[in-house]
Amino acid sequence: EDAAQQMPKPAAKPVPQKSAPAPTPAAAAGAIPGELVALTAMRRSIAEHMVRSKLEIAPHATTIFEVDLGRVVAHREAHKAEFARQGVKLTFTPYFVAACAVALREVPLANARWTDEGLYLHHVAHIGIAVAIDEGLIVPVLKNAQDYNLVGLARQVNDLAERARKRQLRPDEVRDGTFTLTNHGVSGSLFATPIISQPQSAILGVGAIEKRVKVIDDAIAIRPCAYLSLSFDHRVLDGASADAFVAAVKRELERWA
């Protein structure tokens, strides 16, 4: 036979295989039906802010107190018609703002912020009030809360919350807060561990107000109660100072007259 015919034929070269493209977030879910909802600018900003606060900046700790709101509930019931005649809706939020303003004077560390040079103690209470809107949360700031009585606080709270929902807040009305209040109880939540809004050092969560069976002076009583949860920056406050702040808020609410 011809020599060429006796030579073994070279093996065929393997055809390079193209790697499959990385799955998109929507495809990664496999066969589970669903859809990808694009992030809004607000949701992305909230996410980045919360991650930085919780994981990169402040060591969070939380303390929880229960408060008897019997006096506050009675006061509101007795005065809400009077406030309405002045064009002011009386909610529970102004009571919590007022109690926080007093407690911030008594425990200045709760109204401070961390700096590398030291703790900066604010001399005014600029209290942020978290307001839920469709895209997430916005926190208008009630400036100089310590200067208002209950009527003034109620008027300010109503105005800020209403304009927040209508997207009518000015840029200066959502900055320079020194402390934040979030009333998550309006949706039925009993207690939560909210994340601090930087560069603040604490945030107070207010749970749902509900009637509970309590023992008062060795007698069974039914009282309207709520849980107060304070998340705090453990670089600025320790357990004792954080507890002193919430105890002051509790005292102001329970002795309301």
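In which strand does V215 lie? In this predicted model, where local features need pLDDT of at least 70, side-chain atom pairs count only at pLDDT 80 or more, and totals for chains, interfaces and linings use all residues, V215 lies in strand β10, strands being DSSP runs of E with at least two residues and helices runs of H or I with at least four, both numbered from the N terminus. Residues are numbered from 1 along each chain as its sequence is written, and side-chain values use heavy atoms, with hydrogens and water left out.

V215 has a relative accessibility of 60% and therefore counts as exposed (over 50% relative accessible area with a 1.4 Å probe, protein chains only; buried is under 20%, and partly exposed in between). Together with V213, I220 and I222, V215 forms a nonpolar patch on the surface, to which β10 (210–216) and β11 (219–233) each supply at least two residues.

T63, by contrast, is found in strand β1 (residues 60–68) and is buried, with a relative accessible area of 12%. Contacts of T63 beyond its neighbours within four places in sequence include L228, F232, A242 and V246, contact being defined as heavy atoms within 4.5 Å.

Note on methods. Patches are made of residues with over 30% relative accessible area and no salt bridge: like charges are joined within 9 Å, nonpolar side chains (Val, Leu, Ile, Met, Phe, Trp, Tyr) within 5 Å. Accessible areas come from the Shrake-Rupley method with a 1.4 Å probe; for residues, only the protein chains shown count as cover. A salt bridge is a side-chain nitrogen of Lys or Arg within 4 Å of a carboxyl oxygen of Asp or Glu.
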